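Hello,

Here is the structure I promised to pass on to you. Have a look at it first, and then read on for a short tour of what turned up.

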Amino acid sequence: MRVGVVGAGAIGGWIGARLDRAGEEVSLLARGAHLDAIRADGLRLIDGDERSTHRLAASDDPGQLGPQDVVLVTLKYVDIEATLRAIEPMVGPDTVVVTAMNGLPWWFPHHLDGPLAGATLESVDPGGRLSARFDDDRLLGLMVMASATVAAPGVVHHTALNRFALGEVTGPVRPRTQALAEAFTGAGLQTEATAQIRERVWYKLFGNANNNPVSFLALASTQQLLEFEPTRRVAAGVMGELLATAKAIGLDLDVDIEDRIESSRSFGHIRSSMLQDLDAGRPIEVEAIVGAPLEVADLVGVDAPHLRTLYGLTRLRDLNRRPGYPGA
């Protein structure tokens, strides 16, 4: 299976290395110092006590990599529109495009009945431009519950968790979904093929939509913010709003908020993706992680004061990091 990983950073690099070790034909679309190091020394993976080096085709030019069986998009949402245009040389007639990104993807309201039917999420799909890029029939969603970092250019460190859910954007599990889930599982990536990919994506928000912005604002690890009572109450408030919104749009989620908080706390001192992006001076995924869930809540009439407050504070702090912005 030819697998092209687009945005081969922490999560993408880990997945790519695992698939390579299992015998799949993996190529990486990367850039900058990370790409230079991969070309020179291979992609090096630290995974628990294991160390491995993977000599993979790597380029910053999608045309050099050519058509793939599977294109796995693992980059930050802030880069998505330009990237979906750029990767067209990697997408042949039968290519499956798998999106594995934080927050809500642009395709989330597609094929949903109820109050979101026919909606476009302007926060992540302004003007429906992403929806027009690829037909939904070739799209799969991948929910990733894992933590990894780029420890140095060309070096990926998997630090915690190993859980995936893979599903068709159009709904039922198809043979290709099951086959890809089995390939992931065979590579040591614990993957479930599911017809409820939206429920899995929304479930991840119970961690992401509070842990990410609160850690970004408070400079705190996940465990720290969930053990400090005032920020733990914020997390509970956000989760309550997310649960009410999920019910309003018809998702079948059974979540005990205190159990979900304890589950996140037990992961330890994880540095959220927003905190890692802050450290590295990268743009923050405000819209996908906080803006889109808030937009869904507004569309279905769910009051979400915690999400609204986090969205405003996180967006302003991110803007104030940018040179030339008033107040920066």
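Predicted model: local features only at pLDDT ≥ 70, side-chain atom pairs only at ≥ 80, totals over all residues.

Salt bridges

The side chain of Arg31 meets that of Asp79 in a salt bridge, at 3.4 Å from N to O. Arg31 sits in the loop between strand E2 (25–29) and helix H2 (32–41), and Asp79 in the loop between strand E6 (68–73) and H4, so this pair ties together parts that are 48 residues apart in sequence. Asp79 itself counts as partly exposed, because its relative accessibility is 25%.

The loop between E6 and H4 also holds Lys76, while Glu285 lies in the loop between helix H10 (273–280) and H11, so a link between these two ties together parts that are 209 residues apart in sequence. The link is again a salt bridge, in which the closest N and O atoms of Lys76 and Glu285 are 3.8 Å apart. Are the two partners buried or exposed? Lys76 is partly exposed, with a relative accessible area of 25%, whereas Glu285 is buried, with 3%.

Arg21 belongs to helix H1 (residues 10–21) and Glu50 to strand E4 (residues 50–54), so the two tie together parts that are 29 residues apart in sequence. Arg21 counts as partly exposed at 42% relative accessibility, and Glu50 counts as partly exposed at 37%. In total, the count comes to 24 salt bridges.

Cores

How many residues does the largest nonpolar core have? The number is 70, and the residues with the most contacts inside this core are Val73, Ile80, Ile87, Leu104, Trp106, Phe108 and Trp202. If you click on Phe108 and leave aside its neighbours within four places in sequence, you will find it in contact with Leu116, Leu121, Arg198, Val201, Trp202, Ile249 and Leu251. Another core, of 35 residues, lies apart from the largest one and includes Ile15, Val144, Leu166 and Ala187.

Leu166 is also one of the residues that Thr177 touches, together with Leu140, Gly167, Glu168 and Ala193, not counting residues up to four places away in sequence. Thr177 is placed in helix H5 (residues 175–186) and counts as buried, because its relative accessibility is 0%.

The structure holds 1 cavity of 30 Å³ or more, and about 130 Å³ of space lies in the largest cavity. Of the 16 residues lining this cavity, Met101, Gly103, Pro105, Leu142 and Val201 are the closest to its centre. Strand E8 (139–152) and helix H6 (197–218) each give two or more residues to the lining, and H6 gives the most, with 5. By class, the lining of the cavity has 10 nonpolar, 5 polar and 1 charged residues.

Finally, the second largest pocket has about 370 Å³ of space. It is lined by 21 residues, and the closest to its centre are Tyr77, Val78, Ser123, Glu287 and Ala288. Helices H4 (80–86), H11 (286–299) and H12 (305–320) each supply at least two residues of this lining, which divides into 11 nonpolar, 1 polar and 9 charged residues.

Enjoy exploring!

Best wishes

Key. Residues numbered from 1 in each chain as written. Heavy atoms only, no water. 1 Å grid on protein atoms, 1.4 Å probe; cavity = no way out; pocket = protein on both sides within 12 Å on 5 of 7 lines; lining within 4 Å. Points joined across faces, edges and corners; volume = space filled by probe spheres on them. Helix = DSSP H or I, 4+ residues; strand = E, 2+ residues; numbered from the N terminus. Nonpolar A, V, L, I, M, F, W, Y, C, P; charged D, E, K, R; others polar. Core = buried A, V, L, I, M, F, W, Y, C linked by side-chain atoms within 4.5 Å. Buried < 20%, exposed > 50% of the residue type's maximum accessible area, 1.4 Å probe, protein only. Contact = heavy atoms within 4.5 Å. Salt bridge = Lys/Arg side-chain N within 4 Å of Asp/Glu carboxyl O.
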